[in-house]
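Hi everyone, thanks for coming. Let's take a look at the structure together, and then I'll walk you through it.

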Amino acid sequence: MSARILLSLLLMPLLASAAADLRWLPEHLRPDPFGGIVRADGPGQARETRIELSGARDGYVSCHILVSPQAGRQFTLTAELQGLELELFREWFHFMPSRKEWYPDALIPVKMPYSSVLPDPENKIENQRTQAFWLDIWIPKEAKPGVYDGKVVLRASGRTSTLPLRIRVLSAIVPADDVVIPDHNSYGTFWLNAQYPKSEDLFRLIHAYHRIFYEHRGTFHQLGYGHGGKVAPEFAPELTGSGRTRRIKSWDLYDRHYGPLLDGTAFANTRRGPRPIPFVYLPINPEWPASFLWWNEKGYETEFVNVVREMEQHFREKNWTQTRFELFFNHKKRYKAFPWDGDETRFPEDNRYFVEYGRLMKKAIPADSPVKWVFRTDTSWTMAQQFKELEGVINFWVAGSGMLSLYDWAPKLIRSRGEILWTYGSPPRVNDNSAAITSELLKAWLYGASGFVHWLAVSPGDDPWFQFTGGATALVYPGTRFGINEPIPGIRLKIQRNCVQDLNLLEAVKDRVDREELTRLYNGTKPNDWWTRNSPLLNRPPQDWNNADIGDALKDHRKVQRPKDASAWQRVREYVLKIAGGEA
Amino acid sequence: MKARLLLTFWICAACYASGQTKTAEELDQVARVASVMVDGDVCERILTPRAAQHLLKVDPRDQWAASDNFDVNHDAYIQIKKTLIRLGRLGPPHTDVNLWMPVPGDPSRIQVMIRNVNEISQFWTWGDLHQPMPPEMKEVLTTGKRKTVMQKPNFISVLAPVSNSLGDVVGLVEVVKQLVDDPHGNVK
């Protein structure tokens, strides 16, 4: 008897490892390279049972596939599913020296069947026992609601393991227009030269960045000028002359850069279909198109108005009438090139410059222009004052997410004036729990804001592969390491995309949404908790605040908007699909 | 073959050196004019008392306190900024003229007060509100004489004193140019 037990005990690990060489995890539980779940998302366990996912049409559902073959043996992975489209990505485990942990994020697209060995020869993780893959399943709009069965198959060491795959396609269709647009910001193109040293076609690369964010239900911004007003040549038409002779000399580079983005052809052959980009920065700044040398003189107005008028005419002739062209100032006086803050204005007396630019724009643009012009400001310290003082001047507000929580009256006021409200912040780090990327989107939706800006989303650091700093400024990665001369997505970007799909579904049935239930499911809060009420900070003018005061005032707010755990959005998704998904 | 290569190299080096010398001379001319044209009294009025008060303060709870309180008197700033732009136009294309002022209360430090469109400098550390006084700048402030600096590869700067109505040297200008211009540089 004891000998039999002993034998069973000895055999058990072997049997377990054989059975567990193919497992899966829902998207919010990210795997580590050793068969477990990353600390930020745990606890949890990979599953050996059938993969079951539900989703609306014209959208994605996703999961992680975990492969744990014998070390050193080749494996081959494939997946099959009739009627729906599958995309497989190999997950890169980034080493974070500060935490001595590996987190998966970058996703390398692979063709099926995919063969490799463990440990992954490129990722080079000692004792790696599991390779993870991200599986995206695209449900076309035309798919018939119902159950779709398929399988994931692993061949390794002469044996085959199979995971059944079942997708419940719901009758609902994810609305094409995003209720909250995740925006991904960047500055200039110098970083492209660093990340793609061998790339010769700048515009192809820029368009690839727009495309990857568009395909992930987001948008991409590239600011084309520096703090001193220097404009990189591809971001503005070329000018000539001075004073009354200043005019546009050439549109060549501008049109090559923006033409396919503004008429939508850059997005041909994407799942979402060709559409013009919804927003774009203008190159206008205090030094372009008018020289600051003439500021406060008639020459400034003449140069500004004449060139902007030519731009309006060009955009109209090109029929670029679906994109919002943003007048936006990014400079700050602390960077010493201009005497006022265009960005995050700190001192109220600087508002007069916005008023003057509003006047110049009105003078330059015909009242009946079919081109959409917006005047945007990114606001923090003095937002309450700016919301009131700059009424009729600014019509696109991008507000610091935390500070906006102090002013519960603001979104209603802004919406009532027909203006746009977005919020801004940073991407979460990979070592935050996987639902962290959904927090700002949910908050924007609760606040009635229609976008959220990741202030920098394309800068993964000098060595994101082996010396990763966490990805607080990147949601995509250069694919060059893998022979892909364009960006590749990260897991956080995928989770964000799927969250936007859910928000779109939610918005479609917003009258039926129980907001209290929604926030309760997310993190046990009430919608009202997401505002910072009666803060003592507001008893003093913003010019007297400092960052420590603000930190203190928003301490509780930061906790309130934090997802309770990695499953926070999964619980919301189940609620969304219950009330908005329809039948399978 | 080797001799031909050497000759080509020598010609290139000679052209580069002659271009460098010519540019340095042109910048020096601008710097000479700048010392006369930039009004030191107005420069002294640029920084607001509030900004000056916070400039050297270290707040352990707020590392951005000095930057967040940095402010300028607009009229003085604009007047000098316009002069600097004009001076830049006197030089070869893509010349910037920056104004540097000593930090009140700490002679060991200096601050760039006004920069220009190309955002180029051999001395400024990006984002620094103020920084240690480089010996070259100290020399100009002390002697009142212009100085040409070619420390950073591809850059030429000429530093020139700025004086007020009492004849005191109260700041300096950096007339600066890159030998090879980078159209994408500093668009960030």
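So, what share of the contacts in chain A with a separation of 6 or more comes from residues 24 or more positions apart? The share is 72%, where a contact means that two C-beta atoms, placed from the backbone, lie within 7 Å.

Some housekeeping: this is a predicted model, where local features need pLDDT of at least 70, side-chain atom pairs count only at pLDDT 80 or more, and totals for chains, interfaces and linings use all residues. Residues are numbered from 1 along each chain as its sequence is written, while chains are lettered from A and ligands numbered from 1 in the order in which they are written.

Staying with chain A, we have 15 helices and 22 strands; these are DSSP runs, H or I of at least four residues for helices and E of at least two for strands, numbered from the N terminus. The C-alpha trace of chain A spans about 100 × 55 × 50 Å along its principal axes.

Now, how do the chains meet? On chain B, 31 residues are in contact with 28 residues of chain A. The largest share of that side of chain B, seven residues, comes from α5(B).

Chain B also has an open sheet of six strands, ordered β3-β2-β1-β6-β5-β4, with antiparallel pairing; strands pair if DSSP finds at least two bridges between them. In chain B, β3 (131-132) and β4 (147-149) are at the edges with a single partner strand each, so one side of each has no neighbour in the sheet. Strand β1 (residues 96-103) of chain B is joined to β2(B) by five bridges, and B:Val103 stands opposite B:Asp106 in β2(B).
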